[in-house]
Amino acid sequence: MIVPETQIRIAEPGDEDALAALDRATWSPVHAVLPAPTEPYEPFFDDRHRPGDYLVAVVDGAVAGYLRLVPPTPLAATAHVRQIQGLAVAESARGRGVARGLLRAAMERARAEGARRITLRVLGHNAPARALYAAEGFAVEGVLPGEMLIEGEYVDDILMGRSLLA
């Protein structure tokens, strides 16, 4: 369960440095499809990655995690869907329910925005994330075998989703 001192809120422009540092600190080939970040670092927020797209977990006054929640496409046909496109939790906050709290907050926000479904993609070798998503009601809806080449290994891209109506 989420610990009492965890607060989840929408990101603010002033969170950029903390979120960028968290993103770099949590980078791993277990979940990342992009190469490890190197200097000079790109801005965390840009035209496609706005503060309002992110939920931020704050533990004991410090940014400890984030989740990016956006429409999957700009098409009207997918306006009823939200997609999780990034989830990170600081090593020091793992095992404290932060990721679960972010997922639940994302589902609440998606429902409030009128979404009926929520989806995500997860790498096949990321067993802890897959287990968490399954525990929160996400089901495997598709597998793209060997879709990603990460550090010389072909990895499945797992498509997961769930209804927000129940």
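Is T26 buried or exposed? With a relative accessibility of 8%, T26 counts as buried, where buried means under 20% relative accessible area, exposed means over 50%, and partly exposed covers what is in between (1.4 Å probe, protein chains only). T26 belongs to helix 1, which covers residues 16-26. Setting aside neighbours within four places in sequence, T26 has contacts with H31, A88, V89, A90 and R94; a contact is a pair of heavy atoms within 4.5 Å.

A word on what you are looking at. This is a predicted model, in which local features need pLDDT of at least 70 and side-chain atom pairs count only at pLDDT 80 or more, while totals for chains, interfaces and linings use all residues. Residues are numbered from 1 along each chain as its sequence is written, and side-chain values use heavy atoms, with hydrogens and water left out.

Let us step back to the whole protein. It has three helices and seven strands, and along the sequence they follow the pattern β-α-β-β-β-α-β-α-β-β. Here helices (H or I, at least four residues) and strands (E, at least two) are DSSP runs, numbered from the N terminus. The C-alpha atoms fill a box of roughly 40 × 35 × 35 Å along the principal axes. For 166 residues, a compact globule would have a radius of gyration near 15 Å, and the protein agrees with its 15 Å; this radius is taken over C-alpha atoms, and the globule rule is 2.2 Å times the number of residues to the power 0.38. Buried residues make up 42% of the 166. Of the contacts with a separation of 6 or more, 64% are between residues 24 or more positions apart.

Now for the inside. A nonpolar core is a set of buried Ala, Val, Leu, Ile, Met, Phe, Trp, Tyr and Cys residues joined through side-chain atoms within 4.5 Å. The largest one has 28 residues, and I84, I118, Y133 and F138 have the most contacts inside it. Among the elements that each supply at least two residues of this core are strand 3 (62-70), strand 4 (81-89) and strand 5 (117-123). Helix 2 gives the most, with eight residues. Another core, of twelve residues, lies apart from this one and includes F44, F45, V56 and V58. Returning to I118, its contacts beyond four places in sequence include L69, I84, F138 and M160.

Helix 3 holds A129, which is buried, with a relative accessible area of 14%. A129 and R104 are 25 residues apart in sequence, and their C-alpha atoms are 14 Å apart in space.

Most residues other than glycine have a negative phi, and most peptide bonds are trans. D60, in the loop between strand 2 and strand 3, has a positive phi near 50° and is exposed at 57% relative accessibility. E151 lies in the loop between strand 6 (139-150) and strand 7; its phi is near 50°, and E151 is exposed too, with a relative accessible area of 62%. P40 sits in the loop between helix 1 and strand 2, and the peptide bond from E39 to P40 is cis, with omega near -5°.
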